[in-house]
Amino acid sequence: MHSQVLHFPQPDPAPQPQPIPHPVAPPPPPAGSPLPLPTVHVAPRWEYRHLERPLAELGALSPQEFDALGAEGWELAGVTNDSVTVHFFFKRPTT
């Protein structure tokens, strides 16, 4: 009977922690130049409006109605129907 010895490579020793580099401050702006303004992200806030129209009557809004809503800042966000009524959903940012 012949036996075989298998040799597996030894794993590398545990990696050593590396120092964390510290950020470097940007150089100051040249003399007389305006400072950059900071940017702050603010999530938008919306208000919503729901209009319904019976399918049997007209179904859609007229161009004049869309123009009036647009002048008030409303944006059409969706349209759906339930076989009896057409539903229009509008949104606009709050101030």
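Three strands form an open sheet in the order β1-β3-β2, with antiparallel pairing. Strands here are DSSP runs of E with at least two residues, helices are runs of H or I with at least four, and both are numbered from the N terminus. Two strands pair if DSSP finds at least two bridges between them. β1 (46-54) and β2 (75-81) stand at the edges. Each has a single partner strand, so one side of each is left without a neighbour in the sheet. From one strand to the next, the twist averages 20°. For such angles, axes are lines fitted to C-alpha atoms, for helices over the stretch in contact, and the angle between N-to-C directions runs from 0 to 180 degrees.

The model is predicted: local features need pLDDT of at least 70, side-chain atom pairs count only at pLDDT 80 or more, and totals for chains, interfaces and linings use all residues. Residues are numbered from 1 along each chain as its sequence is written, and side-chain values use heavy atoms, with hydrogens and water left out.

Now take the strand pairs in turn. β1 and β3 are antiparallel and share nine bridges. Find Trp 46 in the structure; its bridge partner in β3 is Pro 93. β2 and β3 also run antiparallel, joined by six bridges. Here Leu 76 stands opposite Phe 90 of β3.

Stay with β2 and look at Gly 78, which is found in this strand. How exposed is Gly 78? Its relative accessibility is 22%, so Gly 78 counts as partly exposed. The scale is simple: buried means under 20% relative accessible area, exposed means over 50%, and partly exposed lies in between (1.4 Å probe, protein chains only). Gly 78 is in contact with His 87, Phe 88 and Phe 89, leaving aside neighbours within four places in sequence. Contact means heavy atoms within 4.5 Å. Gly 78 and Phe 90 are 12 residues apart in sequence, yet their C-alpha atoms are 7.0 Å apart in space.

Next comes the turn from β2 to β3. The two strands form a hairpin with three residues between them. Ser 83 sits in this loop. Its phi is near 70°, a positive value in a residue other than glycine. Ser 83 counts as exposed because its relative accessibility is 62%.

Thr 85 lies in strand β3. Is Thr 85 buried or exposed? At 14% relative accessibility, Thr 85 counts as buried.

What of the core? In soluble globular proteins, nonpolar side chains tend to be buried together. A nonpolar core is a set of buried Ala, Val, Leu, Ile, Met, Phe, Trp, Tyr and Cys residues joined through side-chain atoms within 4.5 Å. In this model the largest such core has six residues: Leu 61, Leu 69, Trp 74, Val 86, Phe 88 and Phe 90. Its largest share, three residues, comes from strand β3 (residues 85-93). Look closely at Trp 74. Not counting residues up to four places away in sequence, Trp 74 touches Glu 47, Tyr 48, Arg 49, Leu 69, Phe 90, Lys 91 and Arg 92.

Charged side chains come last. Side chains of opposite charge can pair when their charged atoms come close. A salt bridge is a side-chain nitrogen of Lys or Arg within 4 Å of a carboxyl oxygen of Asp or Glu. How many salt bridges does the structure hold? There are three.

One joins the side chains of Glu 47 and Arg 92, at 2.8 Å from N to O. Glu 47 lies in strand β1 and Arg 92 in strand β3, so the pair ties together parts that are 45 residues apart in sequence. Glu 47 is partly exposed, with a relative accessible area of 30%.

Another joins Glu 72 and Arg 49, at 3.5 Å from N to O. This pair links the loop between α1 (63-71) and β2, where Glu 72 sits, to strand β1, where Arg 49 sits, 23 residues apart. Glu 72 is partly exposed at 43%, and Arg 49 is partly exposed at 32%.

Arg 53 and Glu 65 also meet in a salt bridge, at 2.3 Å from N to O. Arg 53 is in strand β1 and Glu 65 in helix α1, 12 residues apart. Glu 65 has a relative accessible area of 27%, so Glu 65 is partly exposed.
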